Amino acid sequence: MKNITIAIDGFSSTGKSTLAKQLASKLAYVYVDTGAMYRAVALYAMNNNFIKADFFDKKALIDSLPKIQLEFKYNADLGFAEIYLNGENVEKQIRTIEVSSFVSKVAEVSEVRSKLVEQQQEMGTNKAIVMDGRDIGTVVFPTAELKIFMTASAETRAQRRFNELQQKGDNVSYEEVLKNVVERDYIDTHREDSPLVIADDAIEIDNSYLNKEEQFAAVLELVNEVVKTV
């Protein structure tokens, strides 16, 4: 069976990472969560006071990019790789609502995107990779053999995100999460550099009414069909 590149794009909180992890585990492929990379850069900007609710020193962040080292390390207990920022495991820190409120603004910066896209393309040199994000099928791997674009209503995605944060003990309201989802959608689809769009050859999946098992089964079938043709 030939190895392929699987690119999964879509809106926030559509379960891209969950699906990508499932596929990578089933196929014994490498999984890369590009959203975690942008979140880690956003966390770095927050920790260094480059970004706040009403302030964003883009130049300071751009000048600091050479100091930002990102690395994925496989966690055997969890079954997937966690992200490290300058040697520190920040997997939990990057999943907060505060980081979520800044990540799209950080991802708008062309210099940030350029740095991370270069790293992502290097990771996929040998194929056998599942990568999820916002511009994987359009920018990072435009020739990927399988491109998936995931979507769901903003209300559905906000409810899912709210439930996750509640389970983690975060004190947030559904209204706050919905506002964040809508704002991220707008920024992601309207930025000048690599906006979130559906690739011409991507397969769109609306999972508003699909559970994880149904979604995985449908996409795995697509994978098997593609592998037969390459």
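**Group meeting: a walk through the model**

Let's start in a loop: P142 is found between α6 (136-140) and β9. P142 counts as partly exposed, at 44% relative accessibility. For that scale, buried means under 20% relative accessible area, exposed means over 50%, and partly exposed is in between, using a 1.4 Å probe and protein chains only.

Before I go on, a word on what you're looking at. This is a predicted model, where local features need pLDDT of at least 70 and side-chain atom pairs count only at pLDDT 80 or more, while totals for chains, interfaces and linings use all residues. Residues are numbered from 1 along each chain as its sequence is written, and side-chain values use heavy atoms, with hydrogens and water left out.

Back to P142. What is P142 in contact with, leaving aside neighbours within four places in sequence? I136, G137 and K147, where contact means heavy atoms within 4.5 Å. P142 and A199 are 57 residues apart in sequence, yet their C-alpha atoms are 8.3 Å apart in space.

K147 turns up again with A202. A202 touches K147 and F149, not counting residues up to four places away in sequence. You'll find A202 in the loop between α8 (174-190) and β10.

Okay, zooming out. The protein has nine helices and 10 strands. Its radius of gyration is 17 Å, close to the 17 Å that the globule rule gives for 230 residues, so the protein is as compact as a globular protein of that length. That radius is taken over C-alpha atoms, and the rule is 2.2 Å times the number of residues to the power 0.38. Along the principal axes, the C-alpha atoms fill a box of roughly 50 × 40 × 35 Å. Of the 230 residues, 50% count as buried. The accessible surface comes to about 11,500 Å², and 49% of that belongs to carbon and sulfur atoms; the areas come from the Shrake-Rupley method with a 1.4 Å probe, and for residues only the protein chains shown count as cover. If you take the contacts with a separation of 6 or more, residues 24 or more positions apart account for 72% of them.

Now the sheet. In what order do the five strands of the open sheet run? They go β2-β8-β1-β9-β10, and the pairing is parallel; two strands pair if DSSP finds at least two bridges between them. β2 (30-33) and β10 (203-206) each have a single partner strand, so one side of each is left without a neighbour in the sheet. On average, neighbouring strands are turned by 20 degrees against each other, direction ignored. For angles in general, axes are lines fitted to C-alpha atoms, for helices over the stretch in contact, and the values run from 0 to 180 degrees between N-to-C directions.

Helix α1 (residues 16-27) lies across β1 (5-10), β2, β8 and β9 (146-151), at about 165 degrees to β1. Helix α2 (residues 34-47) lies across β2 and β8, at about 40 degrees to β2.

α2 also packs against helix α4 (residues 97-107), at about 105 degrees and with the axes 8 Å apart. That makes α2 roughly perpendicular to α4, on a scale where under 35 degrees is roughly parallel, over 145 roughly antiparallel, 65 to 115 roughly perpendicular and the rest oblique. The residues making the contact include Y38, L43 and M46 of α2, and F102, V103 and V106 of α4.

A28 lies between α1 and β2, and has a positive phi of about 60 degrees although it is not a glycine. K127, in the loop between α5 (110-123) and β8, also isn't a glycine and has a positive phi of about 60 degrees. A28 is exposed, at 66% relative accessible area, while K127 is partly exposed at 34%.

Beyond its neighbours within four places in sequence, S12 is in contact with R134, R157, V181, R184 and D185.

Note on methods: Helices (H or I, at least four residues) and strands (E, at least two) are DSSP runs, numbered from the N terminus.
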